[in-house]
Amino acid sequence: MPDRHEQLAALRRLLAERCPPTPRRPDAVVPTGIAAVDRLLQGGLRRGSITEIVVAARSGGGQLLLDALIEAADEARHRLLLIDATDAFDFEPAAGASDFLPQLVWVRCPTLDAVWRAADLGVRDAHFTVVVVDIRGVATRELRRTPPGVWYRLQRAAGESGVAAVVQSDVVTVPCAQARLLLNRSFTLDALAAERTELRQNLGIELQRQRLNQAEEVAG
Amino acid sequence: MSFAAIEAVDFPLAALRRLEAFLPDAPVALLSGESRKAVVTMATESARTAGVAAGMTAPQALAECADLRLRLRSPAAEREADALLLAAAWSLSPRAETTAAGLCTVDLAGRDSARLPEDFARVGAALEQQGLPVRIGVAPNPLVARYAARRAQPVLRIENVPSFLAPLPVALLEPAPEDAELLAALGLSTLGAVTTIPRAAFARRFGGRGPSLWARAAGEDDRPLVVVQPPERFAAAMDLPQPEETLEPLLFVLRRFVDRLTLELAAGSLAAVGLRLQLRLEDDQEHRRDFSLPEPTTDAGVLFRVLENHLATVQTEAPVTGLSLEAWPARPVARQDDLFRPGLRDAHLFFETLARLAAVAGSDRVGVPRHEDTHRPDAVALAAPSVELPASMRTAAPPARGLPLRRYRPPLAATVELTANLPTYVATPGASGPVKDRRGPWRISGDWWRPEAWAREEWDIELAAGGLYRLVRTPGGWLLEGEYA
């Protein structure tokens with residue numbers, strides 16, 4: 001008698017034959033601009049779902065990843081909404097670079113409640129291709145008081161609008177994240193002299209979770 | 001030639017009800033004045049059904065209908081309703097006059113008669129939706145058109161004028177009381193009966209007013225219309241019947257204003273590119289706000305949501321006693337979307353989202369980051385996003401270096417231990433510990449010619465426990481400005 005794994009594989013093959021997967025839309029993912037991240041996420045950030053990026057290490061590269069997302073938005077000419085819970089985003093253009101970021105809409109939230117409300121509004125507007133909710137620096141006890149319904153609502157809204165939602169946090173926070181990346185290696189002082197493109201390739205990154213939808217699983 | 005008369009049904013009452021939030025569904029009656037002898041002059045259908053009739057005193061009317069709301073005529077509300085009526089008339093023809101309160105006459109010369117029924121239906125439906133039901137009469141001259149409007153349900157077109165006029169009651173002529181008595185004494189009860197008498201004989205019997213009365217009975221009217229020019233300024237204003245502390249009555253009035261202004265703009269082939277809202281407060285203060293729209297629009301819903309989103313965040317020190325709204329006109333945008341230039345699919349929706357985000361976070365806390373023209377650190381301002389995204393300019397710039405900074409706003413006060421003038425230990429509320437490695441110092445200063453001159457010494461440090469930080473020495477002490485992340 002074939003074991004369970006063989007039965008499951010047979011069932012998957014049968015499903016793949018009977019129900020051919022819908023070809024993935026070319027824009028079903030939004031590339032992050034970092035090859036290693038895109039490889040782990042099978043192409044980039046999934047539209048219509050939440051990707052959580054847990055920056056577990058000090059100076060672990062969370063801002064570097066955000067910078068890559070902003071740069072990718074500039075190149076692809078789409079809009080990115082940054083909901084900044086601690087008003088921590090910094091913009092210091094390098095010499096010769098543009099002195100403004102037209103593709104980025106920055107929301108400097110005064111309270112955590114404003115973060116949830118702004119995220120809810122932003123994720124519903126499909127004019128934004130990517131919505132980044134940056135809750136790094138928010139006290140864990142405050143985050144624990146957040147009703148889990150907030151995240152499910154955000155996921156549902158993203159699913160309807162097709163926005164790629166990204167949550168950057170210090171600890172695992174989003175129960176319904178479709179993908180979760182862990183940045184777990186600190187950069188050293190030498191990193192401050194290196195080119196950013198090089199630093200992006202040296203991110204200490206680990207994929208903790210990747211939930212594919214049914215069609216993607218079958219295709220896989 | 002033909003003319004259309006657009007007459008509002010129960011005009012003084014309708015004008016009042018359309019601007020008071022809680023009146024549309026309630027039984028309402030108009031009183032002739034404020035004295036004890038004032039009587040009901042007009043009542044809504046629900047009030048009439050309950051037994052209220054013209055001529056009753058206020059106590060009598062209230063005895064018939066306990067829920068009755070008694071009001072006086074409101075000149076401001078009637079002016080606003082007249083302006084709405086005129087705006088609707090302009091959508092039929094630019095040659096329109098305000099004939100009387102609640103009555104507009106439009107010269108239909110040059111209009112395609114086949115399309116008129118559809119246009120009348122559109123105008124009637126639009127006005128009804130805005131709380132001003134109308135009847136429309138169409139006839140060869142303004143006077144007969146007005147008579148037709150009185151009989152319309154809701155549109156009446158007159159082809160054969162004599163046969164239409166013949167059975168109409170003489171009351172339609174609005175004769176002076178002594179003329180009315182004489183007409184009754186002579187048994188002349190219809191317009192047809194009046195015109196059976198020769199004009200000269202009628203004039204002899206009725207004196208100086210006779211010829212005019214007879215001509216009105218015969219439907220004779222060759223006067224030119226006193227055409228009202230479309231406005232150059234699109235504004236609406238009103239004092240509220242009583243000071244308001246809640247949002248709903250204000251929004252109700254603003255919705256009416258917006259509907260009227262968009263009609264006026266559309267009649268002039270214009271659109272609103274901005275709004276100015278002013279609220280007058282009971283303490284003689286004023287709240288004023290200007291709104292710029294991403295694109296000119298005549299969509300009343302879009303304009304109203306702009307106001308609604310703003311007012312939802314406004315708290316005033318005193319109740320609101322009056323409000324005004326002005327729309328800035330512009331030519332509507334006529335353009336074809338560019339395949340290769342990523343604009344917005346719905347610019348108004350996008351800017352509405354931004355307005356809501358601003359309502360949540362604060363109007364000065366949402367926008368596109370723009371670095372100011374200075375070397376002062378953290379000199380970032382927020383600008384409004386553009387409708388179209390410009391092409392990337394990154395390729396021309398040299399590659400960026402180092403990790404981006406995550407700022408602490410405000411910076412954290414730090415206690416720093418120095419050894420041979422080098423930071424070796426840092427203690428802050430955010431990060432503390434021995435310094436493993438450091439780069440610096442970099443001394444920078446600026447604005448020395450201004451009172452807000454600044455000078456600082458920057459260090460990049462790596463703590464032994466991990467983490468890269470920017471440490472700054474200022475005249476006020478050491479600060480941890482942010483984490484390289």
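Predicted model: local features only at pLDDT ≥ 70, side-chain atom pairs only at ≥ 80, totals over all residues.
Chain A has 220 residues, of which 44% count as buried. Its secondary structure comprises eight helices and nine strands. Contacts in chain A with a separation of 6 or more are 78% between residues 24 or more positions apart. Chain B has 485 residues, and 36% of them count as buried. It contains 14 helices and 21 strands. In chain B, residues 24 or more positions apart make up 59% of the contacts with a separation of 6 or more.

The two chains touch each other. The contact draws 55 residues from chain A and 50 residues from chain B.

Strand β5 of chain A, residues 104-108, pairs with β13(B). The two strands are antiparallel, and two bridges join them. Trp106(A) has Gly367(B) as its bridge partner in β13(B). In general, strands of a sheet pair through backbone hydrogen bonds, either parallel or antiparallel.

Within chain B, one open sheet has four strands. Their order is β9-β12-β10-β11, and the pairing is antiparallel. Strands β9 (234-244) and β11 (286-297) of chain B stand at the edges. Each has a single partner strand, so one side of each is left without a neighbour in the sheet. Neighbouring strands of this sheet are turned by 15° against each other on average, direction ignored.

Inside this sheet, strand β10 (residues 271-281) of chain B runs antiparallel to strand β12 (residues 320-330) of chain B. The two are joined by 10 bridges. One bridge pair is Gly274(B) with Trp328(B), the latter in β12(B). A helix accompanies the sheet. Helix α12 of chain B, residues 247-267, lies across β9, β10 and β12 of chain B. Its direction is at about 25° to β12(B).

Another open sheet of chain B has three strands. The order is β3-β2-β4, with mixed pairing. Strands β3 (40-43) and β4 (69-72) of chain B are the edge strands, and each pairs on one side only. On average, neighbouring strands of this sheet are turned by 30° against each other, direction ignored. Strand β2 (residues 28-31) of chain B runs parallel to β4(B), with four bridges between them. Here Ala29(B) stands opposite Leu70(B) in β4(B).

Most residues other than glycine have a negative phi, and most peptide bonds are trans. Two cis peptide bonds can be described in chain B. One joins Gln153(B) and Pro154(B), with omega of about -5°. Pro154(B) lies in the loop between α6 (142-151) and β8 (155-157) of chain B. Another cis bond runs from Gly440(B) to Pro441(B), with omega near 0°. Pro441(B) lies in strand β18 of chain B.

Positive phi values occur at Ser59(A) and at Asp447(B). Ser59(A) is not a glycine, yet its phi is about 50°. It sits in the loop between β3 (50-55) and α3 (62-76) of chain A. Ser59(A) counts as buried because it has 27 C-beta neighbours inside 10 Å, where the cut-off is 20 or more. Asp447(B) likewise is not a glycine, and its phi is about 50°. This residue lies in the loop between β18 and β19 of chain B. Asp447(B) counts as partly exposed, because it has 13 C-beta neighbours inside 10 Å.

Terms used
Residues numbered from 1 in each chain as written. Chains lettered and ligands numbered in written order. Contact = placed C-beta atoms within 7 Å. Pairing = 2+ DSSP bridges. Buried ≥ 20, exposed ≤ 12 C-beta atoms within 10 Å, placed from the backbone. Axes fitted to C-alpha atoms, helices over the stretch in contact; angles between N-to-C directions.
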